[in-house]
Amino acid sequence: MTFTTDNPLTWQYLKIDSQGQAKIADSRVSVSQLIQEKHAHGWSPEELHFQHPEISLAAIYSALSYYYTYQPQIDAQIAEEQQTIQTLQAELIQMKVGHYTSDFKQKLQKKRRQ
């Protein structure tokens, strides 16, 4: 899901890609990824910085500001991403591929012994 902003503001430390995904400039970390980590672990901005030392605290605050400005759109984006992940996981289970196979653990242990 992409959304466009009709607000001409620029966000210092952020880069908006052609799909409308906001990312921390000069990193691979998206705003939605930071928000998911914040929600999943209850991390403060300082803890996010500790976990991502390559990202300045100022950039993290900029990402949080962007999120709270466009929260409904980004929350919808996250929900859509989660639904896609669940769909793909269900397909893998049906196909009996990857770590969803019953003998995955046995194969992994055998490979480790080699």
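Which pattern does the protein follow when read along the sequence? In this predicted model, the order of elements is β-β-α-α-α-α-α, and the secondary structure amounts to 5 helices and 2 strands. The radius of gyration is 18 Å, well over the 13 Å that the globule rule gives for 114 residues, so the protein is more spread out than a compact globule. Along the principal axes, the C-alpha atoms occupy a box of roughly 55 × 30 × 25 Å. Of the 114 residues, 27% count as buried, and the protein exposes about 8,100 Å², of which carbon and sulfur atoms supply 53%. Among contacts with a separation of 6 or more, 52% are made by residues 24 or more positions apart. With regard to charge, the mean positions of the 11 positive and 12 negative charges lie 19 Å apart.

In soluble globular proteins, nonpolar side chains tend to be buried together. In the present model, the largest nonpolar core comprises 20 residues, and the members that touch the most others are Leu 14, Ile 24, Val 31, Leu 34, Tyr 66 and Ile 74. Two or more residues are given to this core by each of β2 (22-24), α1 (31-41), α3 and α4 (71-95), with α3 providing the largest share, 6 residues. For Ile 24, when neighbours within four places in sequence are left aside, the contacts are Tyr 13, Leu 14, Val 29, Leu 34, Ile 55, Ala 59 and Ala 63.

The buried residues of helix α1 are Val 31, Ser 32, Leu 34, Ile 35 and Glu 37, and the elements that cover them include β1 (14-16), β2, α2, α3 and α4. After α1 comes Gly 42, whose phi is positive, near 70 degrees.

A further site of interest is His 52, which is placed in the loop between α2 (45-51) and α3 (57-69). His 52 has a relative accessible area of 10% and is therefore classed as buried, the cut-off for that class being under 20%. Beyond residues up to four places away in sequence, His 52 touches Val 29, Gln 33, Leu 34 and Glu 37.

Note on methods:
Residues are numbered from 1 along each chain as its sequence is written. This is a predicted model: local features need pLDDT of at least 70, side-chain atom pairs count only at pLDDT 80 or more; totals for chains, interfaces and linings use all residues. Side-chain values use heavy atoms; hydrogens and water are left out. Helices (H or I, at least four residues) and strands (E, at least two) are DSSP runs, numbered from the N terminus. Buried means under 20% relative accessible area, exposed over 50%, partly exposed in between (1.4 Å probe, protein chains only). Contact means heavy atoms within 4.5 Å. A nonpolar core is a set of buried Ala, Val, Leu, Ile, Met, Phe, Trp, Tyr and Cys residues joined through side-chain atoms within 4.5 Å. The radius of gyration is taken over C-alpha atoms; the globule rule is 2.2 Å times the number of residues to the power 0.38. Accessible areas come from the Shrake-Rupley method with a 1.4 Å probe; for residues, only the protein chains shown count as cover. Lys and Arg count as positive and Asp and Glu as negative; His and the chain ends are not counted. The place of a charge is taken as NZ of Lys, CZ of Arg, CG of Asp or CD of Glu.
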